[in-house]
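Thanks for passing this one along. I have put my reading into a few numbered points, so please keep the model open as you go through them.

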Amino acid sequence: FDHVYVYDNSDTSLSNNTLAAVTDMFPKERVSRVPWPHRVCNNNRPMHSNPGERSSQYAAEASCRARYGPDTTWMASLDVDEYLIPTGMWKNLRDWLHHVTANEKDTHILSFFQTRALPNVDA
């Protein structure tokens, strides 16, 4: 990735910890920490007796797309416990994305299959 935006909602817990100590380990031109003090957001279902609540992750992702989307070709939204591993003929994500950009003109959103699996480690 050329740049990583970390939406940090750790201030919403009872502790005063943030991810600043982690993001400060990287150059500012590569990693930006965005304080995100929201824990939940309203689903905003008009005229419904229970509008419900959901994680503010959806609002954070929308904020990221609105703020930084116009300046990027590709954007990924990942939780800290999620990661992408190139497989098959792909050795890195950059080459794969260049291929997709050049050969899949109508592709605007990519979805990935998820699996709970242990990594295949060659012995």
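The points below go from the overall layout to the core, the ring pairs, the salt bridges and the surface.

1. A word on the ground rules. This is a predicted model, in which local features need pLDDT of at least 70 and side-chain atom pairs count only at pLDDT 80 or more, while totals for chains, interfaces and linings use all residues. Residues are numbered from 1 along each chain as its sequence is written, and side-chain values use heavy atoms, leaving out hydrogens and water.

2. Overall layout. The chain has three helices and four strands, and from the N terminus its elements run β-α-β-β-β-α-α. Both kinds of element are DSSP runs numbered from the N terminus: helices are H or I with at least four residues, strands are E with at least two. Of the 123 residues, 14% count as buried; buried means under 20% relative accessible area, exposed over 50%, and partly exposed in between, with a 1.4 Å probe and protein chains only. Among contacts (heavy atoms within 4.5 Å) with a separation of 6 or more, 46% join residues 24 or more positions apart.

3. The core. Which residues make up the largest nonpolar core? The six are Tyr7, Val34, Trp36, Ala60, Cys64 and Tyr68. Such a core is a set of buried Ala, Val, Leu, Ile, Met, Phe, Trp, Tyr and Cys residues joined through side-chain atoms within 4.5 Å. Helix H2 (residues 57–68) gives the largest share of this core, three residues. Leaving aside residues up to four places away in sequence, Cys64 touches Tyr5, Tyr7, Gly69 and Met75.

4. Ring pairs. There are two aromatic pairs in the whole structure. Rings of Phe, Tyr and Trp (its six-membered ring) pair if their centres lie within 6.5 Å; planes under 30 degrees apart count as stacked, over 60 as edge-to-face and the rest as tilted. Tyr5 and Tyr68 are stacked, because their ring centres are 3.7 Å apart and their planes are at 15°. Tyr5 lies in strand S1 and Tyr68 in helix H2, so this pair ties together parts 63 residues apart in sequence. Tyr7 and Trp36 are edge-to-face, at 5.3 Å centre to centre and 65° between the planes. Tyr7 is buried at 18% relative accessibility, and Trp36 is buried at 11%.

5. Salt bridges. The count is three, taking a side-chain nitrogen of Lys or Arg within 4 Å of a carboxyl oxygen of Asp or Glu. Arg94 pairs with Asp2, their closest N and O atoms being 2.7 Å apart. Arg94 is in helix H3 (residues 93–103) and Asp2 in the segment before strand S1 (4–8), so the bridge ties together parts 92 residues apart in sequence. Arg33 and Asp8 also meet at 2.7 Å, N to O; Asp8 is buried at 2% relative accessible area, whereas Arg33 is partly exposed at 26%. In the bridge between Asp24 and Lys28, the closest N and O atoms are 3.0 Å apart.

6. The surface. Leu19, Val22, Met25 and Phe26 form a nonpolar surface patch with about 380 Å² of accessible area together. Patches take residues with over 30% relative accessible area and no salt bridge, joining like charges within 9 Å and nonpolar side chains (Val, Leu, Ile, Met, Phe, Trp, Tyr) within 5 Å. Accessible areas come from the Shrake-Rupley method with a 1.4 Å probe, and for residues only the protein chains shown count as cover. Phe26 sits in the loop between helix H1 (20–23) and strand S2 (31–35).
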